[in-house]
Amino acid sequence: MPSPDSVALKGVTLTYGRKVHALDGIDLAIEPGEFVAIVGPSGCGKSTLLRLVAGFARPTGGEVRVGGEPVAGPGPDRGMVFQQPRLFPWLSVRRNVAFGIRRHPGRDARVAELLDLVGLADAARLRPYELSGGMQQRAAIARALAPDPGILLMDEPFAALDALTRERLQEELRRIWQQTGKTVLFVTHSVDEAVFLGTRVLVMSKRPGRIVLDLPHQPDLRETVSTAVRQAAV
Amino acid sequence: MRAVALRLGGVLALLGIWWAVAAAQIWPPVFVPTPAAVWEQLLKTSVTGYSGYSLADHLLVSLGRILLGSLYGIAAGIVVGLALGLVPAFRAVFGPLVTFVRTLPPLAYFSLLIIWLGIDEPPKIALLFVAAMPPVAVATAEAVRGVHEDYLNAARSLGVSPWGLPFLVVLPSALPEVLVGVRVAVGVAYTTVVAAETVNGVPGIGGMIRDAQRYNQTDVVVMGLLVIGASGLAIDLLLIRLQRLLVPWRGKA
Ligand SMILES: Nc1ncnc2c1ncn2[C@@H]1O[C@H](COP(=O)(O)OP(=O)(O)OP(=O)(O)O)[C@@H](O)[C@H]1O
Ligand SMILES: [Mg+2]
């Protein structure tokens with residue numbers, strides 16, 4: 001039996017309409033607890049890859065499996081953090097975080113714990129529009145963590161933030177990952193970010209997206225990845 | 001302060017023009033009554049009434065009709081709008097029907113409603129309902145279709161079932177536009193109430209105006225128009241308040 005937190009893609013292709021080949025023949029096996037950072041040029045299919053694992057879309061070819069089972073749709077076993085925070089504007093921060101555990105018995109304690117984890121305990125009563133961009137993104141992370149998903153999917157979550165906030169959130173994310181041991185798929189444009197966070201770094205080629213480099217964390221990784229990204233872009 | 005001064009200035013200027021036109025006596029008072037005559041009518045109707053009902057009675061009855069018709073219209077509009085926005089088959093069948101009803105002038109189908117429902121309250125409420133429903137339905141349908149898929153996907157990832165999505169995500173996301181639809185709908189109900197009260201409309205502001213028109217009591221007609229307009233303005237201000245209260249994030253998220 002594969003662990004419920006494993007992800008496997010076999011020969012996955014995805015074509016939008018007739019002509020846009022976003023992904024072409026992706027083979028990928030991710031073990032539980034891995035922090036997989038995915039880099040690649042704009043439009044190469046990184047978001048598409050996450051959407052497939054999340055179950056928001058189905059591949060046109062091949063198979064996506066999570067925990068050994070084919071993905072049939074989204075579920076609380078996979079938490080998603082979008083590039084925009086996408087908090088529900090009609091709910092307070094607290095209720096946003098509680099959204100995925102609305103009916104759980106220990107809800108309030110869990111929400112308090114999560115808000116502490118992302119440093120938003122004082123902002124619990126505020127509405128999302130009253131938060132800064134970085135605070136919103138942290139709330140979005142807390143919301144995704146609430147149902148305790150084994151797998152965390154993050155689509156350039158820090159791209160829109162200033163350098164200082166980004167560094168702080170990277171540290172926080174690493175801490176959270178170390179504390180919880182979740183499987184993380186993390187899409188980014190930044191080679192530095194990928195190398196800093198990832199225990200494993202994937203580089204994708206431009207459309208149709210394929211995986212052109214797949215390396216575990218190691219010395220000199222930054223150089224190798226930079227070179228691969230530069231080549232993938234042409 | 002400035003805004004208040006501006007508004008007050010505008011009203012005073014209009015009153016001034018009105019007074020000047022009436023005082024010049026280009027047209028007889030049956031066409032253009034003086035502000036003083038209308039003001040007197042306002043006082044008289046408030047105290048002794050018109051056709052056996054005080055001004056407050058007329059106004060309250062009309063407001064009650066507007067409220068009831070709008071409430072039914074809003075409730076139905078939200079349901080129909082949700083269905084139009086969410087169910088393509090429903091949209092294909094009923095979308096054109098809603099547009100059809102929306103383009104009909106209320107008086108056109110009022111005769112039909114009278115044949116069906118008699119001359120008392122039911123046809124009036126029904127008319128206001130039919131008039132108020134489409135703006136809410138259209139606004140809701142558009143808003144529903146405009147909900148960003150990320151919100152729906154986020155909710156699905158957080159364990160919301162397909163049946164839960166309309167209530168937990170779609171409607172709240174659509175709320176700002178729905179409330180705009182509500183404001184339009186109440187406005188339409190307002191403009192329709194006079195038509196609704198053309199038949200057996202006393203008590204009612206529209207009925208009063210209609211009645212006064214028959215006896216060339218132009219000052220009463222003008223007074224009725226002003227009362228309708230002023231109360232409509234007040235209600236719209238209330239609705240704007242409600243909007244701020246219910247969707248404080250509007251324009252910020
Ligand atoms: N809904 C869609 N319909 C049609 N084409 C789409 C759709 N979504 C994405 N695409 C196309 O698929 C390709 C991959 O898109 P995707 O969003 O996965 O890229 P990405 O790697 O995430 O890019 P970026 O780094 O800019 O976010 C792009 O060329 C895009 O134009
Ligand atoms: Mg993307």
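Domain bounds here come from an automatic or database domain assignment. By that assignment, chain A of this predicted model is divided into domain 1 (1-77 + 151-234) and domain 2 (87-148).

**Where the domains meet**

Let's start with the contact between the two parts. The centres of domain 1 of chain A and domain 2 of chain A, taken over C-alpha atoms, are separated by 25 Å. On the domain 1 side 14 residues take part in the contact, and on the domain 2 side eleven residues do. Here are the values for this pair of domains:

| Item, domain 1 and domain 2 of chain A | Value |
|---|---|
| Area buried between them | about 1,000 Å² |
| Share of that area from carbon and sulfur atoms | 69% |
| Salt bridges between them | one salt bridge |
| Polar contacts between them (both residues at pLDDT 80 or more) | three residue pairs |

Which elements supply at least two residues each of the side of domain 1 of chain A that touches domain 2 of chain A? They are S7 and helix H5 (163-180) of chain A. H5(A) gives the largest share of that side, with seven residues. There is also a salt bridge between A:Asp148 and A:Lys182, whose closest N and O atoms are 2.7 Å apart.

**The sheet**

Six strands of chain A make an open sheet with mixed pairing, in the order S6-S7-S8-S3-S9-S10. Strand S6 (78-81) and strand S10 (211-216) of chain A each have a single partner strand, so one side of each has no neighbour in the sheet. From one strand to the next, the twist averages 15 degrees.

Within this sheet, strand S3 (residues 35-39) and strand S9 (residues 200-204) of chain A pair in the parallel sense over four bridges, and A:Val36 stands opposite A:Arg200 in S9(A). Helix H1 (residues 46-54) of chain A lies across S3, S6, S7, S8 and S9 of chain A, running at about 150 degrees to S7(A).

Conventions:
Residues are numbered from 1 along each chain as its sequence is written. Chains are lettered from A and ligands numbered from 1 in the order in which they are written. This is a predicted model: local features need pLDDT of at least 70, side-chain atom pairs count only at pLDDT 80 or more; totals for chains, interfaces and linings use all residues. Side-chain values use heavy atoms; hydrogens and water are left out. Two strands pair if DSSP finds at least two bridges between them. Axes are lines fitted to C-alpha atoms, for helices over the stretch in contact, and angles run from 0 to 180 degrees between N-to-C directions. Contact means heavy atoms within 4.5 Å. Buried area is the accessible area (1.4 Å probe) that two parts lose on being put together, summed over both. A salt bridge is a side-chain nitrogen of Lys or Arg within 4 Å of a carboxyl oxygen of Asp or Glu. A polar contact is a pair of N or O atoms within 3.5 Å; within protein, one must be able to donate a hydrogen and the other to accept it, and residues adjacent in sequence count only if both atoms are side-chain atoms.
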